[in-house]
Structure formats: structure tokens, C-alpha cells
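Have the sequence and the 3D view open side by side.

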Amino acid sequence: MSSDTAPANDRTRPSPPSEGMAGLAKGLAVIEAFGAERTQMTVTEAARAVSLSPAAARRCLLTLTELGYLVQEDRYFRPTPRMMRLGEAYLEGATLPTLARPFVEAGRDELGESMSLAVYDEGTALFVARAEVHRIVSTGVRLGARLPAYASATGRVLLAGLPEEERERYLRTCEPRRTTPHSVTTIPEIRDRIEAAAVEGFAVTDEELELGMRSMAVPVVDSAGRVHAAMSTSVFVARVTMEEMRRRYLPVLRAQAAALGRLL
């Protein structure tokens with residue numbers, strides 16, 4: 001079970017360079033169309049998602065199936081575990097996930113809770129590093145997962161670090177969705193939460209994305225004073241109160257985020 005689960009925003013297909021491989025660009029666009037909102041697609045749905053003709057979308061889906069990245073069941077195509085290999089090079093070898101690993105692990109060990117690191121990417125919080133606490137029921141998101149920035153503690157911290165013009169542009173285009181009775185779904189309320197994160201230096205969600213879950217996130221500020229990432233943890237409401245999160249968890253998050261920020 002994840003602390004925050006919701007669909008990521010649609011991403012438009014980038015135009016290939018003039019001398020690039022158009023077929024490869026189309027195939028990558030189809031791959032990127034799969035996500036929390038689209039765990040399976042028909043040819044028609046894939047064509048609509050990435051602005052391709054049905055014939056071109058069908059060729060891409062069949063090629064990806066032949067290569068082992070998708071599996072076809074009746075009209076639907078679904079990703080296989082092999083799809084994860086496409087992101088492993090970044091998640092395991094990129095500078096930020098590598099640098100972050102000892103700090104999320106230290107936070108995990110001190111709090112006894114899973115810790116994550118995310119970056120802002122196209123209206124979402126993209127999780128690039130994680131240290132797990134092994135329990136029967138998980139309270140966290142997986143590596144490579146995306147959460148909508150407007151609805152997650154991590155995303156609000158990241159939005160608070162954006163230039164005002166970019167943040168307002170995002171708020172003009174996002175379409176909030178209600179996933180629990182506690183979800184915040186109006187733009188003024190979301191803006192207030194983002195501004196509070198900027199002033200207070202942290203953000204929380206309390207059963208806003210998933211019932212029974214609380215999350216807390218703090219910014220990772222680099223040497224230039226920019227919000228480079230967000231560090232977060234999630235807990236079951238039955239185990240940890242919001243007051244305890246502020247009293248005991250927040251100092252640990254801030255200390256580990258600051259230590260990581262000094263390396264960036």
C-alpha cells in the first residue's frame with residue numbers, strides 16, 4: 001500500500017530532432033504513456049495518448065511486445081517487469097540517487113520508517129531514491145513512482161521551490177481529483193498549502209491521497225539556495241500522530257535533507 005496514490009499528469013510526446021529516429025521517438029512516447037493512470041492500453045487509447053495514428057501506435061505496441069517490454073492480452077497491452085530496466089540506469093547510477101542513499105538510510109534507521117527522495121518532473125513528484133523498512137504492509141511509494149504535485153506533501157514542497165511564474169502556470173493547468181474525503185481539490189486551497197510549505201519549510205498530508213496514511217516532506221536545498229529535491233516519510237495514522245510527526249520526525253527529515261543539500 002502506498003502513502004499517496006494518484007494518476008500522473010499526461011505528458012506530451014517530444015518532437016524528435018531533425019536527424020533523429022522518428023520510430024524510436026514514437027516508441028518512447030508510448031512507453032511514457034503508461035503509468036498510474038494507464039496500466040494498460042488498447043491501440044486506440046495509445047494512439048490518442050501520444051497523438052499517433054492508430055497504425056503507428058499499433059506498430060509501436062507490437063514492436064515493444066516482441067522485445068519483451070509489453071504483453072498483449074486480448075485488446076490490451078500491459079508493461080512487463082522488463083520495462084523497469086529502462087529506468088534502472090538513472091535510479092541506480094545517477095548522481096542524486098547515489099548521493100541521497102546514505103541520508104535516506106540514516107533517516108530510516110533513526111525513525112524506523114521508510115524514507116524517500118523525489119524531484120519535480122512535469123507536474124509530478126518523481127521518486128528517485130528510497131530506503132525501506134520491511135513490514136508486512138508497506139507505507140511507501142516505489143522507486144520511479146510519480147505522485148501529482150498538487151496533492152502530495154512531496155509535491156507541494158517541490159512546487160514551493162519553483163519560480164512563481166512556473167508554479168502559477170502549473171496551477172492554471174492542473175486538474176485536481178478527489179481520492180479521499182479529505183482531498184484538497186480547489187486551486188486556492190492548494191495554493192495556500194504550497195505557500196505554507198514555502199514559509200514553514202515542510203509540508204504534510206493527512207489522509208488526503210489515501211485513507212489511513214500521513215506524509216511529511218521537507219526541501220533539499222542545494223548550495224545555490226535552490227530546492228533541488230524533497231525528502232519524505234509516510235506513516236499509518238493509527239501508529240503516529242501528526243503532533244509526533246512534527247515533534248520527532250520533522251527534525252530528522254530536516255537534518256538529513258540539510259546534510260544532503262551540502263553536497264549539491
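**Charges first**

Arg-214 and Asp-206 make a salt bridge, with their closest N and O atoms 2.8 Å apart; the term covers a side-chain nitrogen of Lys or Arg within 4 Å of a carboxyl oxygen of Asp or Glu. Arg-214 is buried, at 14% relative accessible area, while Asp-206 is partly exposed at 30%. Here buried means under 20% relative accessible area, exposed means over 50%, and partly exposed is in between (1.4 Å probe, protein chains only).

Before going on, keep in mind that this is a predicted model, where local features need pLDDT of at least 70, side-chain atom pairs count only at pLDDT 80 or more, and totals for chains, interfaces and linings use all residues. Residues are numbered from 1 along each chain as its sequence is written, and side-chain values use heavy atoms, with hydrogens and water left out.

How many salt bridges does a search of the whole structure find? It turns up 13. One of them pairs Arg-193 with Glu-208, at 3.0 Å from N to O. Arg-193 sits in helix α8 (residues 187-200) and Glu-208 in the loop between β6 (203-206) and β7 (213-221), so this pair ties together parts 15 residues apart in sequence. Helices (H or I, at least four residues) and strands (E, at least two) are DSSP runs, numbered from the N terminus. Arg-193 is partly exposed at 33% relative accessibility, whereas Glu-208 is buried at 7%.

Now find helix α9 (residues 242-261), where Glu-243 and Arg-247 lie four residues apart, about one turn of the helix. An α-helix has 3.6 residues a turn, so residues three or four places apart point the same way. Glu-243 and Arg-247 form a salt bridge too, with the closest N and O atoms 3.6 Å apart.

**A buried alanine**

Setting aside neighbours within four places in sequence, Ala-57 is in contact (heavy atoms within 4.5 Å) with Val-43, Ala-46, Ala-47 and Leu-52.

**The bent helix**

Last stop is α5 (residues 95-111), with 17 residues. Where does its kink lie? Look at Arg-101, shortly before Pro-102, for a kink of about 40°; the bend is the angle between axes fitted to the seven residues ending at a residue and the seven starting there. Buried residues of α5 include Leu-96, Phe-103 and Leu-111. After the helix comes Gly-112, with a positive phi near 70°.

Conventions. Expected span 1.5 Å × (residues − 1).
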